[in-house]
Amino acid sequence: HMLNNKIIKRNSPIIGVLLMSALSQLTHAETGNYFMHKDWELACDNTGMCRAVGYQSDAQFGHPVSLLISRPAGAGSAVLSQIQVAEEFTQDTEANLNVGGTSLGSLTIDAKKSTAKLSSAQSTQLLKALVGAEDIRLTTQAQQWQISTAGANAVLLKMDDIQKRVNTPNAVYQKGNQSEQNVLQPKAIPKIGITGYRPAVASHFAVDSKNANQLFKKLKATTDEQDCPNLYEARFFEEDRVSVYPLNAEQVVVQVPCWRGAYNEGLGYWVMDKALQKIQQQVTTSGSSFSEAQIFSEQKGRGIADCGIRSEWAWNGKAFVLSYQAQSQQCKGFAGGAWNLPTYVAIVARTD
């Protein structure tokens, strides 16, 4: 589905392509893995934590439900399972979990989050049911939800593969007798210290001004028409502005509207000297906002609800570095997505 980026950004943003565009601009950050098959998807982050998520089938569209299976890296690590439904409750509600026509007991749906945690025994039985493609249902007195197993085997095998558990006793899908000595070990969460950030009054100027035209000539050297068509065709709106945000006494971050689509828009961000003569870093052309030494990007996919890609960068005193990335390609009726599915995580803190 790798289509022309220019066409996609203007007319029909597709999450996979936007993600590849975003990833192509990342440096010095080992991002994790994302995989989707049928009604399931998988996100594993840079620490080795994997999150597999399944939903209802399209035929069950009117009853959104999602099963989250989380597992950190490391030999013998436990599997945690939660279920979420797109339903509002006035109080905590008991629900029955059924697998293949057999009850696995009750779950308590938290009224505030509409989620329920499975016990270790329930989780074990549920994983067996997924591998065996058995019918999985959650039932209350008023409602019933059915979790699709279509795609589950491929996603669970991929999770085992990424965490190097295939053919070990503790694998989720493909169990065996091999030693766990080569299982993927967990990595520490990177720490990013925001240092040397000295905000001052931002400046803004018109996109058709002399300042803007001179700046655009310089910015073209770091990008192309596909990623930032406005630099080349000036398809701006009347309210568009170029914004310059000081980072410290010597450096600024420049914000330029790069493109617009049916569902999204992308702002370009560049680090420059305060005289706007030299480009020091191109961060992204798919940004959404800048605040307190961080750049944020939220791009929606063409699907039910507002799922998509979220990326964040933090200023470490020398450059903007990736601090968070998550995506979900199939929200399946959950506004904003049922779960956070990061492929990159970091701890960001002010250090001065």
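This is a predicted model: local features need pLDDT of at least 70, side-chain atom pairs count only at pLDDT 80 or more; totals for chains, interfaces and linings use all residues.
Me: What makes up the chain, and how far does the C-alpha trace span along its principal axes?
Reply: The chain has 6 helices and 22 strands. Its C-alpha trace spans about 70 × 45 × 40 Å along the principal axes. Of the 352 residues, 49% are buried. Among contacts with a separation of 6 or more, 54% are between residues 24 or more positions apart.

Me: Why is Ala 202 called partly exposed?
Reply: Ala 202 has a relative accessible area of 26%. Buried means under 20% and exposed means over 50%, so a value in between is called partly exposed. Ala 202 therefore counts as partly exposed.

Me: Where does Ala 202 lie, and what does Ala 202 touch?
Reply: Ala 202 is in the loop between β11 and β12 (203-206). Leaving aside residues up to four places away in sequence, Ala 202 touches Val 244, Tyr 245 and Pro 246. Contact means heavy atoms within 4.5 Å. A further distance concerns Val 254: Val 254 and Ala 202 are 52 residues apart in sequence, and their C-alpha atoms are 9.9 Å apart in space.

Me: What makes β11 a strand with alternating side chains?
Reply: In β11 (residues 191-194), Ile 192 and Ile 194 point to one face and are buried.

Me: Which strands pair with β5?
Reply: Strand β5 (residues 80-85) is joined to β4 by 6 bridges, and the two run antiparallel. Here Ile 69 stands opposite Ser 81 in β5. β5 also pairs with β8 (residues 115-117) in the antiparallel sense, over 3 bridges. In that pairing Gln 84 has Thr 115 in β8 as its bridge partner.

Me: What makes β17 and β21 edge strands in their sheet?
Reply: The open sheet has 5 strands in the order β17-β18-β19-β20-β21, with antiparallel pairing. β17 (289-291) and β21 (342-345) each have a single partner strand, so one side of each has no neighbour in the sheet. The twist averages 20 degrees from one strand to the next. For β21, 3 bridges join it to β20 (residues 320-327), and Pro 342 is the bridge partner of Ala 326.

Me: Which residues of helix α4 are buried, and what covers them?
Reply: In α4 (residues 152-162) the buried residues are Ala 152, Val 155, Leu 156, Met 159, Asp 160 and Ile 162. Their cover includes β1 (33-37), β2 (40-44), β3 (50-55), β4 (65-71) and α3 (120-131). Lys 164 follows α4 and has a positive phi, near 60 degrees.

Me: What makes up the lining of the second largest pocket?
Reply: The second largest pocket has a volume of about 260 Å³. Of its 13 lining residues, Val 79, Thr 124, Leu 127, Ala 171 and Lys 175 are the closest to its centre. The lining divides into 6 nonpolar, 4 polar and 3 charged residues. α3 gives the most to this lining, with 6 residues.

Key:
Residues are numbered from 1 along each chain as its sequence is written. Side-chain values use heavy atoms; hydrogens and water are left out. Two strands pair if DSSP finds at least two bridges between them. Helices (H or I, at least four residues) and strands (E, at least two) are DSSP runs, numbered from the N terminus. Axes are lines fitted to C-alpha atoms, for helices over the stretch in contact, and angles run from 0 to 180 degrees between N-to-C directions. Buried means under 20% relative accessible area, exposed over 50%, partly exposed in between (1.4 Å probe, protein chains only). On a 1 Å grid over the protein atoms alone, a cavity is a set of points where a 1.4 Å probe fits but cannot get out, and a pocket is an open set with protein on both sides within 12 Å along at least five of seven lines; lining residues have an atom within 4 Å of a point. Grid points are joined across faces, edges and corners, and a volume is the space filled by probe spheres set on the points. Ala, Val, Leu, Ile, Met, Phe, Trp, Tyr, Cys and Pro count as nonpolar, Asp, Glu, Lys and Arg as charged, and the others, Gly among them, as polar.
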